[in-house]
Amino acid sequence: MRLSRTARAVLGCVTAAGLALVHVPLLLVLLNSVNADRSFGWPPSGLTGRWWRAALHSDGARQALLTSLWAGLAATAIALVLGTLAAYAVHRHRFFGRRTVSFLLVLPIALPGIVSGIALNAAFRTVLDPIGVGFGLFTVVVGHATFCVVIVFNNVGARLRRIAPSLAEASADLGARPWQTFRHVTFPAMRSALFAGGLLAFALSFDEIVVTTFTAGPGTRTLPVWIYENLARPHQAPVVNVVAALLIVASVVPVYIAQRLSSDTAGGRL
Amino acid sequence: MAQTETSSRTRTTTTAAAVRLEAVTKDFGAVRAVDAVDLTVHEGEFFSLLGPSGSGKTTLLRLVAGFERPTGGRIELAGHDVTAMPPNRRDVHTVFQDYALFPHMSVEQNVAYALTVRGVRKAERLARARDALTTVRLDGFASRRPAELSGGQRQRVALARALVDRPAVLLLDEPLGALDLALRQEMQAELKELQRTTGITFLLVTHDQEEALTMSDRLAVVRDGRIEQTGPPVEVYEHPATAFVAGFVGTTNLLRGEAAVRVVGRPGTYSIRPERILLADPAGPADPAGPAAAPAGSPAGGRRTVTGRVTDVVHAGAHTRFTVTLPHGDRLTVHRQNLTGLPESARPGGEIRLSWDERDAFPVPS
């Protein structure tokens, strides 16, 4: 399609404005984390490393970061196993109710988090409480896993659709036993999809706040929950900025990698 | 001489068929893809399953490979019942239509795969993979990825991969379908040559009658999950057992009912190959470019003569295709080699005389 000079200029401006709208606030967070002015006055009165030092020594933030990491890793691990198995079942086998299962699997990500949160909260209260399992990290992991499974399921499913079924047949045909086929052919072809799915699942779990609020016990604070609670406290606000800045850096990298991997059509580079 | 005869007889009695299907049936839900098929492929034979798409020929191949379990019947390889055996335990390799090369492996790793999964030492399997690549004239490509190869080269890699450990039977599923005409003809010759030199039994599935006719020692025409006819190409072409075979293997003029009485002079269903019909000017001599075996007035058999009007002329390279409409509207297709001496009236609208040896109008069960 050929565009006129004016059209191109206008589209360029709109695009730039749109991108700026999204990314300037992020830059602001980064800047404010080194802003010497406690109330984030503009322009910054000076640069300081005080907040970064304060954040490093904040027990609350460190504890919350650990909780988030554990929750994310555990939920991702569960999602990788269940999501992969589910994708295999749905994409490589024909059985009664296949479409229904596929729909039910994807549903949690479409549901508003608040609904999932309330539902899980009620379920845990009626089922887990009586057997002595209280709200805590475990319930957060289960809550996160419900939507992390979907991410892996979708990623692996998309890859399975692209891998010709004849590859596994060719492997068996050439004498490979089922586990050899998995090891030499299926897994290598899936590897990057698993990695991308796992990264996205982890990222999703890491910044989840709604479901977390409803499934975490009083003592369990993930990083987003901690940030939310401390944002309102004036003397903690600069530390929150530092944590947010850290998170920006920490999420850009995996998302970039995940995108590179899922657009890799050959699927075998990793 | 007598000795040769004895040994060949011994061979036929002791050697089991390479592939034997006994009343094999395969249902997919309510659809019967293969219907009580009996089939024997001899050892060292180049055998083709020829049929239109959806005829069940690929399902037959997949049953032999073990990717599908038959609903009923029995499958034997070299005399052993393999009906319930998984594909990895059958001494059979497949060249897939889409080649199914492993994209994350090099050409060499692809070719060596059958050896890798059997635990052959690395040095030996690399040496054998290189040998196999030499056989298909792909030396120097060992470290490439499949994505870096052309269609014809991928085809060769697939062949090398399937031949590397010399299976008893090689199954080929429309292997030349994705190649252009020139390459396809080149590969036809190469496949035939490869089969001759390796002595491996080839079982090929194709919808291309020319491919089946040129390469096979024997072929089976498949239709609606059943085998219509089995035999050497010449026999199937010259003596089709059914009207379907006559129409599918080569082109033919099929005449039935009233038309048969009008054109052939007898009731029934008849097939006349277009190249067996001679063109001549209504009053002139017979076409000098016609088959030498059947000159006009030859004492060999009676000649049937009809006249009609040329309604279409298509130049098809080596021959020209004439469509001639007879007085009652019956149409005959005539193929004439592009030699000199074309009858004057062999042009659109021309009145023309057609003749053929009566034995060339052979009856086919309809």
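The model is a predicted one, in which local features need pLDDT of at least 70 and side-chain atom pairs count only at pLDDT 80 or more, while totals for chains, interfaces and linings use all residues. Residues are numbered from 1 along each chain as its sequence is written, and chains are lettered from A and ligands numbered from 1 in the order in which they are written.

The C-alpha trace of chain A spans about 70 × 70 × 30 Å along its principal axes. Of its 270 residues, 33% count as buried; a residue is buried if 20 or more other C-beta atoms, placed from the backbone, lie within 10 Å of its own, exposed if 12 or fewer, and partly exposed in between. Among the contacts in chain A with a separation of 6 or more, 77% join residues 24 or more positions apart, a contact being two residues whose C-beta atoms, placed from the backbone, lie within 7 Å.

An unreviewed UniProt entry places the feature "transmembrane region" at residues 69–90, 102–124, 130–153, 193–217 and 237–257 of chain A. UniProt positions are given in the numbering used here, feature names are shortened, and annotations may be inferred rather than shown by experiment. Residues 102–124 of chain A are 91% helix and 0% strand, with the end C-alpha atoms 24 Å apart. For residues 130–153 of chain A, the values are 71% helix and 0% strand, and the end C-alpha atoms are 32 Å apart.

Asn154(A) belongs to helix H6 (residues 137–162) of chain A. This residue counts as partly exposed because it has 18 C-beta neighbours inside 10 Å. Asn154(A) and Gly197(A) are 43 residues apart in sequence, and their C-alpha atoms are 8.0 Å apart in space.

In chain B, the domain assignment, which is automatic or taken from a database, gives domain 1 (17–242) and domain 2 (274–359). The C-alpha centres of these two domains of chain B lie 41 Å apart.

Between the chains, 19 residues of chain B are in contact with 18 residues of chain A. On the chain B side, strand S6 (92–95) and helix H3 (107–116) are the elements that give two or more residues. The residues of that side divide into 12 nonpolar (Ala, Val, Leu, Ile, Met, Phe, Trp, Tyr, Cys and Pro), 4 polar (the others, Gly among them) and 3 charged (Asp, Glu, Lys and Arg).

Conventions:
Helix = DSSP H or I, 4+ residues; strand = E, 2+ residues; numbered from the N terminus.
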